[in-house]
Amino acid sequence: MITLHHYLILSGILFSIGALGVLIRRNAIVIFMCVELMLNAVNLTFIAFSRYLGNIDGQIFVFFVMTVAAAEAAVGLALMIAFYKNRESIDVEDMNIMKL
Amino acid sequence: MPEILFFTLVAAVAILSSILVVAMRNPINCALSLIMTFFCLATLYVMLDAPFMAAVQVIVYAGAIMVLIVFVIMLLNMRTETSKNYVHGVLVSCIVAVLTLFVISGFLKKSPLTGEPGLMTTDLVDKVGHTELIGRAMFSDFLLPFEITSILLLVAIVGSVILAKRKL
């Protein structure tokens, strides 16, 4: 029998791996993908709780999280393209001036 | 019994592919592993009686967002990351990640699940349909957040066009 705890533990592991990726990688796009991974871990938590509490509100929240992730993808990638035009790199260690 | 076996398999694939997202050198490989993770999560959503969310996960995440990311990776023509990782940085990051996991599992152990079970049972989802349940909730209780979301998307469109354009 699969309990709620199985899903929550899986979600915690995925979140930790995403956090690890954000901390150790230096390529901005990979960091961005790790943030998406963390958002997905949270989505899994929402849906698991929604199923086990019999309440659909959590799934609506997942919908909003997905919308925010899509908006973040569009703006973040546009920022990276603008940065790459100036510095020829998207390494986060090169991002040391505020002027684009 | 086969249920838990299937869950373990899917969870193992999800964890393995998310480790690959962190470990791979080439960003394209990272993106492909991330798509694998998204598919595993969609499978878990189906197991949690949420087929509509699984479809949205595949279409929006594995479809739209990942296509955008892969497109940008190819547009920027990045070289593979040089292996200049600092050992102490990686070590500290690993410690932080393990601590995060400990905190999360501590919360799980301490807190029993309280709260009233609601109305959305498996029978109801099978009878009415998941999409209809989502639609009813979204366009009645959550109408205002839904409208605000559309404004967020509009702002994101305007912002990304302004950022990516060479000259306004």
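In this predicted model, A:Arg51 forms a salt bridge with B:Asp49. The closest N and O atoms of A:Arg51 and B:Asp49 are 2.8 Å apart. Between chain A and chain B the count is one salt bridge. Over all chains, the count comes to four salt bridges. Among them is a pairing of the side chains of A:Arg26 and A:Asp91, with an N to O distance of 3.8 Å. This pair links distant parts of the chain, 65 residues apart. A:Arg26 lies in the loop between α1 and α2 (28-53) of chain A, and A:Asp91 lies in the segment after α3 (57-87) of chain A. Side chains of opposite charge can pair when their charged atoms come close.

The interface between the chains was examined next. Chain A and chain B bury about 6700 Å² between them. Of this area, 76% is on carbon and sulfur atoms. A:Arg25, A:Met33 and A:Met66 supply 9% of the area that chain A buries against chain B, more than any other three residues. The contact takes 70 residues from chain A and 82 residues from chain B.

Helix α3 of chain A and helix α3 (residues 51-76) of chain B have axes that come within 11 Å. Their axes cross at roughly 5°. Angles under 35 degrees count as roughly parallel, so α3(A) is roughly parallel to α3(B). On the α3(A) side, the contact residues include A:Val62, A:Phe63, A:Met66, A:Ala70, A:Leu77 and A:Tyr84. On the α3(B) side, they include B:Phe52, B:Met53, B:Tyr61, B:Ile65, B:Leu68 and B:Val72. The residues of this contact divide into 20 nonpolar, two polar and no charged.

The other pair joins helix α1 (residues 4-24) of chain A to helix α4 (residues 87-110) of chain B. The axes come within 9 Å and cross at roughly 160°. α1(A) and α4(B) are therefore roughly antiparallel. The crossing of α1(A) past α4(B) is right-handed. Contributors from α1(A) include A:His5, A:Leu8, A:Gly12, A:Phe15, A:Ser16 and A:Leu23. From α4(B), they include B:Val90, B:Ser93, B:Cys94, B:Thr100, B:Leu101 and B:Leu108. By class, the contact of α1(A) with α4(B) has 14 nonpolar, five polar and no charged residues.

Helix α1 (residues 2-23) and helix α2 (residues 27-47) of chain B have axes that come within 8 Å. The crossing angle is roughly 155°. α1(B) and α2(B) are therefore roughly antiparallel to each other. α1(B) passes α2(B) in a left-handed crossing. Among the contact residues of α1(B) are B:Glu3, B:Phe6, B:Phe7, B:Val10 and B:Ser17. Among those of α2(B) are B:Cys30, B:Leu34, B:Met36, B:Thr37 and B:Met47. This contact of α1(B) with α2(B) has 13 nonpolar, five polar and one charged residues.

How values were computed:
Residues are numbered from 1 along each chain as its sequence is written. Chains are lettered from A and ligands numbered from 1 in the order in which they are written. This is a predicted model: local features need pLDDT of at least 70, side-chain atom pairs count only at pLDDT 80 or more; totals for chains, interfaces and linings use all residues. Side-chain values use heavy atoms; hydrogens and water are left out. Axes are lines fitted to C-alpha atoms, for helices over the stretch in contact, and angles run from 0 to 180 degrees between N-to-C directions. Helices (H or I, at least four residues) and strands (E, at least two) are DSSP runs, numbered from the N terminus. Angles under 35 degrees count as roughly parallel, over 145 as roughly antiparallel, 65 to 115 as roughly perpendicular and the rest as oblique. A crossing is left-handed if the near helix is turned anticlockwise from the far one by less than a right angle, and right-handed if clockwise. Contact means heavy atoms within 4.5 Å. Ala, Val, Leu, Ile, Met, Phe, Trp, Tyr, Cys and Pro count as nonpolar, Asp, Glu, Lys and Arg as charged, and the others, Gly among them, as polar. Buried area is the accessible area (1.4 Å probe) that two parts lose on being put together, summed over both.
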